[in-house]
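Subject: Structure handover

Hello,

Here is the structure for you to look over. My notes follow below it.

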Amino acid sequence: MAVEKLKSYLRIDSDYEDDLLQGFLETARAYLTGAVTDFEKNYSASEKFAAKADFLTMVLAAEFYQNRDNSDHNLSYTIKSLMVQLQYFHTG
């Protein structure tokens, strides 16, 4: 996922934090890969799964960015709900 898409979602105009945002995107994808069974297999097998996963990656990266100073943070209901949908996604 491109940093530019995340910057648009967050309404960031400058390039100052591009490296930080890229790191959050990579961390979000790694988080999902570890949290969702067969993530890579389902990602390559289903456009619907990939679309949800890409959106969730962006939302999760935005959550990391917006709450980077809060060490006691819980993920939102929306993020948890989307993760459950990916976990129980069936490609067949």
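First, a term: buried means under 20% relative accessible area, exposed means over 50%, and partly exposed lies in between, with a 1.4 Å probe and protein chains only. By that rule Ala50 is buried, because its relative accessible area is 12%. Ala50 lies in helix 4. Ala50 and Glu40 are ten residues apart in sequence, yet 9.3 Å apart in space, C-alpha to C-alpha.

Two notes on sources. This is a predicted model, where local features need pLDDT of at least 70, side-chain atom pairs count only at pLDDT 80 or more, and totals for chains, interfaces and linings use all residues. Residues are numbered from 1 along each chain as its sequence is written, and side-chain values use heavy atoms, with hydrogens and water left out.

**Overall fold**

The protein chain has five helices and zero strands. Helices (H or I, at least four residues) and strands (E, at least two) are DSSP runs, numbered from the N terminus. Along the sequence the pattern reads α-α-α-α-α.

The C-alpha trace spans about 45 × 30 × 20 Å along its principal axes. Buried residues make up 36% of the 92.

Contact means heavy atoms within 4.5 Å. Of the contacts with a separation of 6 or more, 61% are between residues 24 or more positions apart.

**Helix 2**

Helix 2 covers residues 18-35. Its 18 residues reach 25 Å from first C-alpha to last, close to the expected 26 Å. The expected span is 1.5 Å times one less than the number of residues.

Which residues of helix 2 are buried? They are Leu21, Phe24, Leu25, Ala28 and Leu32. These residues are on the same side of helix 2, because they cover an arc of only 100° around the axis. The arc is that of the directions from the helix axis to the C-beta atoms. Asp19 and Gly34 are exposed on the other side. The buried residues of helix 2 pack against helix 1 (3-10), helix 3 (39-45), helix 4 and helix 5 (77-87).

**Helix 4**

The 20 residues of helix 4 should span 28 Å at 1.5 Å a residue, and the end C-alpha atoms are 28 Å apart, which agrees. Its buried residues include Phe49, Ala53, Leu56, Leu60 and Tyr65. Helix 1, helix 2, helix 3 and helix 5 are among what covers the buried residues of helix 4.

Take a look at Glu63, in helix 4 (residues 47-66). Glu63 is buried yet has no salt bridge. The nearest side chain of opposite charge is Lys80, 9.4 Å away. For charge, Lys and Arg count as positive and Asp and Glu as negative, while His and the chain ends are not counted. Leaving aside neighbours within four places in sequence, Glu63 is in contact with His73, Asn74, Leu75, Ser76 and Ile79.

**Salt bridges**

A salt bridge is a side-chain nitrogen of Lys or Arg within 4 Å of a carboxyl oxygen of Asp or Glu. The count by this rule is five.

- Glu4 pairs with Lys7, with the closest N and O atoms 3.5 Å apart. The two are three residues apart in helix 1, so about one helical turn separates them. Lys7 counts as buried, at 2% relative accessibility.
- Asp18 also forms a salt bridge with Lys7, at 3.1 Å between the closest N and O atoms. Asp18 lies in helix 2 and Lys7 in helix 1, so the pair ties together parts eleven residues apart in sequence.
- Arg68 pairs with Glu17, at 3.7 Å between the closest N and O atoms. The pair links distant parts of the chain, 51 residues apart: Arg68 is in the loop between helix 4 and helix 5, Glu17 in the loop between helix 1 and helix 2. Arg68 counts as partly exposed, at 42% relative accessibility.

Glu4, Lys7, Asp15 and Asp18 are linked in a network of salt bridges.

**Positive phi**

Most residues other than glycine have a negative phi. Arg11 has a positive phi, near 60°. Arg11 sits in the loop between helix 1 and helix 2 and is exposed, with a relative accessible area of 75%. Asp38 also has a positive phi, of about 55°. Asp38 is in the loop between helix 2 and helix 3 and is partly exposed, at 43%.

Best regards
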